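The sequence and structure come first.

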Amino acid sequence: KGILKNKWSILYLLLSLSEDPRKQSNKVSSYATLFAQALPRDAHSTPYYYARPQSLPLNYQDRSAQSAQSSGSMGSSGISSISLYALNGPTPQSLVPGQSYQAPGVGDCLRQQLGSRLAWTLSQPSLQSTTSKSFSNAVSRGVPRSRREGDTSGSVEITEANLVRDVLYVFQGIDGKNIKMCNSENCYKVEGKVSLSKSLRDTTSRLAELGWLHNKIRKYTDQRSLDRAFGLVGQSFCAALHQELKEYYRLLSVLHSQLQLEDDQGVNLGLESSLTLRRLLVWTYDPKIRLKTLAALVDHCQGRKGGELASAVHAYTKTGDPYMRSLVQHILGLVSHPVLNFLYRWIYDGELEDTYHEFFVASDPTVKTDRLWHDKYTLRKSMIPSFITMEQSKKVLLIGKSINFLHQVCHDQTPTTKMIAVAKSAESSKDAADLFTDLESAFQEKIDAAYFETSKYLLDVLNKKYNLLEHMQAMRRYLLLGQGDFIRHLMDLLKPELARPATTLYQHNLTGILETAVRATNAQFDNPEILKRLDVRLLEVSPGDTGWDVFSLDYHVDGPIATVFTRECMSHYLRVFNFLWRAKRMEYILTDIWKGHMCNAKLLKSMPELSGVLHQCHVLASEMVHFIHQMQYYITFEVLECSWDELWNKVQQAQDLDHIIAAHEVFLDTIIARCLLDSDSRVLLNQLRAVFDQIIELQNAQDAMYRAALEELQLRLQFEERKKQRELEGKWGVTASEDEEESKRMKEFQDSIPKMCSQLRILTHFYQVLLRLYI
């Protein structure tokens with residue numbers, strides 16, 4: 001044949017194949033030598049050096065160091081690290097029995113490393129008997145076992161070599177000829193018709209567990225890899241599982257390669273390193289532990305995604321086994337990498353690209369800009385990874401929320417690189433793993449730095465550009481009646497208008513009065529931006545209401561400051577203003593009562609019959625003045641000033657906008673409660689309003705009494721004036737009819753005085769009863 005070039009080699013191959021090694025036992029050693037010299041490098045994953053079994057103790061205490069070495073050399077967690085030494089190590093030169101493999105300078109080291117992973121289960125009393133025992137063992141693997149005596153069941157005999165072949169298929173999740181998946185029991189079992197000893201059946205079942213574990217992991221990855229809604233974290237988890245399965249497949253490929261070479265060239269007849277079930281059991285010990293860990297992770301992660309999935313993986317790092325911990329930490333590094341990318345994009349750019357809702361910060365696109373700070377961004381507590389604390393999560397939420405608030409509400413387009421000095425993204429899963437292993441320092445420092453710098457920049461913008469603190473002080477001065485001269489002058493100007501029925505009021509008239517009060521008091525020196533927001537508001541009118549009942553000051557808020565002064569806050573300010581305005585009106589009324597009493601006391605001295613009524617009125621007014629002064633002291637100092645001082649201190653020390661909002665809400669809640677405007681104090685508030693009504697009743701009664709008394713005084717003075725005028729003209733001062741008419745009128749007035757006294761007594765009684773109930 002002209003196409004054949006290496007004719008000698010082909011003839012030598014045919015000669016070798018034509019000779020039956022089973023008939024020439026004396027050639028076993030030569031065939032072994034031939035095989036050892038022709039063995040390819042990628043077949044040497046198992047320990048092909050000759051040593052006494054007593055020198056290879058069965059222990060597995062060096063897993064962590066070996067895992068680290070394997071991970072460093074293969075770039076992964078190394079599930080096949082048991083069997084892949086020879087892929088990176090030297091190729092043995094000779095495997096002839098009685099000649100141990102010793103690489104210069106590394107023989108002892110290799111024996112020590114591999115000895116910690118493998119255990120030889122065959123005993124060797126001497127080097128001379130090794131070959132014969134190996135030969136007999138190999139022959140026994142290849143020859144079917146004889147049927148036991150008395151066994152008439154017709155069961156099929158099977159060799160151990162066939163079992164090894166089936167087990168290698170089962171390792172991949174493929175049914176063998178004699179080992180198949182039992183769906184009812186959910187495990188791999190040797191078929192019942194196969195005749196096996198109990199030890200071999202048990203060993204086979206233990207080995208077949210790897211196939212069951214492989215199927216469990218593979219089923220999870222196949223299902224989830226096609227599920228787009230599983231998200232980036234889930235896909236990273238699947239990729240980590242695929243990587244581990246890939247290492248497992250490398251182990252299987254080496255085992256299959258070795259089995260194929262043994263079958264092709266008959267190596268199993270004379271070598272101690274041939275594949276047996278017992279050796280497979282030892283060599284797959286560590287991979288089985290790893291697959292068990294992965295299967296447990298798969299079970300624990302069912303139905304989880306995003307940060308919740310990362311938490312589930314992190315829970316398995318809390319183990320005392322350093323070998324398992326290194327495996328799970330490797331997977332955690334891959335799984336947490338997308339989480340870290342989400343986090344960095346959020347805290348450094350304010351961007352939230354969370355298509356599958358995996359991140360623990362959630363965004364509601366339906367929320368409008370004015371509620372951005374309060375409602376748009378929230379925490380998904382179920383998605384917070386367990387290696388991130390709740391405090392850190394809240395800071396992360398605040399950082400991104402502050403950036404978006406600056407851009408969208410404050411219209412501040414300053415790049416985040418100027419707000420935050422250092423910005424870094426997660427470049428690889430190794431960065432993620434390294435960062436999360438140092439949560440107490442490196443990760444915490446990054447979060448704290450971004451939090452402090454972003455929050456400080458936001459507060460500076462609010463205070464300098466939008467005058468947040470000045471607006472807060474304006475609320476105190478105007479809506480909480482802190483600007484005393486302005487409030488007093490405004491009340492003086494509004495008195496004629498507010499005494500009218502509420503239905504006759506016009507807002508533009510009241511607005512003009514407000515502007516007059518501003519120009520006439522120290523309020524005119526305030527910031528024009530603040531004065532522009534000050535306005536008049538009329539409440540809903542009820543039948544019988546006067547202007548005093550519906551009048552209120554208002555303060556317009558918009559833009560960023562509306563985040564602090566929300567609609568709820570402004571409604572609280574309105575309620576407090578109405579209460580304080582009513583209490584101030586009571587003080588104003590009692591001042592008028594006192595002025596009226598002081599002014600009319602001298603005029604009415606000529607009417608001694610009124611002295612008792614005036615005294616009684618003066619005593620009741622004094623009691624009311626005392627009560628109102630005490631109330632004003634309590635409201636001004638105990639409620640407003642103390643609460644305001646606490647608020648101002650908290651605002652000055654606030655580290656972020658949330659601290660200011662929380663302090664402001666506490667301030668409003670405190671004054672609402674202390675001013676008896678909360679639901680728990682409704683009874684007391686009603687009693688206080690009843691006391692206020694008695695003050696108004698006293699004013700009406702005193703005004704009626706003074707009108708009647710002054711009218712009577714005027715008539716008496718006119719009568720005396722006419723009498724004197726007539727006497728000067730030389731006439732009679734009065735006629736009998738005029739004198740009788742005057743006496744009759746005076747008698748009617750004197751008869752009305754007891755009625756005034758009884759009215760004052762009733763008023764005093766009701767006032768004192770209400771006061772006792774209130775106190």
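In this predicted model, helix H8 passes helix H11 in a left-handed crossing. The two axes come within 9 Å and cross at roughly 40°. The residues that make the contact are listed by helix below.

| Helix | Residues in the contact |
|---|---|
| H8 (residues 198–225) | Arg-206, Glu-209, Leu-210, Leu-213, Lys-216, Ile-217, Tyr-220 |
| H11 (residues 285–300) | Lys-288, Leu-291, Lys-292, Leu-294, Ala-295, Val-298, Asp-299 |

By class, the contact of H8 with H11 has 8 nonpolar and 6 charged residues, and no polar ones.

Helix H27 covers residues 657–674. At 1.5 Å a residue, its 18 residues should span 26 Å, and the end C-alpha atoms are 26 Å apart, so the two values agree. At the start of H27, the backbone nitrogen of Asp-658 has a side-chain oxygen of Asp-656 within 2.9 Å. Leu-676, which follows H27, has a positive phi, near 65°.

Which residues of H27 are buried? They are Leu-657, Ile-660, Ile-661, Ala-663, His-664, Phe-667, Leu-668, Ile-671 and Ile-672. An α-helix has 3.6 residues a turn, so residues three or four places apart point the same way.

A further helix, H29, spans residues 736–774 and contains Gln-768. The relative accessible area of Gln-768 is 28%, so this residue is partly exposed, the range for that class lying between 20% and 50%. Gln-768 and Glu-623 are 145 residues apart along the chain, and their C-alpha atoms are separated by 9.3 Å.

Notes. Residues are numbered from 1 along each chain as its sequence is written. This is a predicted model: local features need pLDDT of at least 70, side-chain atom pairs count only at pLDDT 80 or more; totals for chains, interfaces and linings use all residues. Side-chain values use heavy atoms; hydrogens and water are left out. Helices (H or I, at least four residues) and strands (E, at least two) are DSSP runs, numbered from the N terminus. The expected span of a helix is 1.5 Å times one less than its number of residues. Buried means under 20% relative accessible area, exposed over 50%, partly exposed in between (1.4 Å probe, protein chains only). A polar contact is a pair of N or O atoms within 3.5 Å; within protein, one must be able to donate a hydrogen and the other to accept it, and residues adjacent in sequence count only if both atoms are side-chain atoms. Axes are lines fitted to C-alpha atoms, for helices over the stretch in contact, and angles run from 0 to 180 degrees between N-to-C directions. A crossing is left-handed if the near helix is turned anticlockwise from the far one by less than a right angle, and right-handed if clockwise. Contact means heavy atoms within 4.5 Å. Ala, Val, Leu, Ile, Met, Phe, Trp, Tyr, Cys and Pro count as nonpolar, Asp, Glu, Lys and Arg as charged, and the others, Gly among them, as polar.
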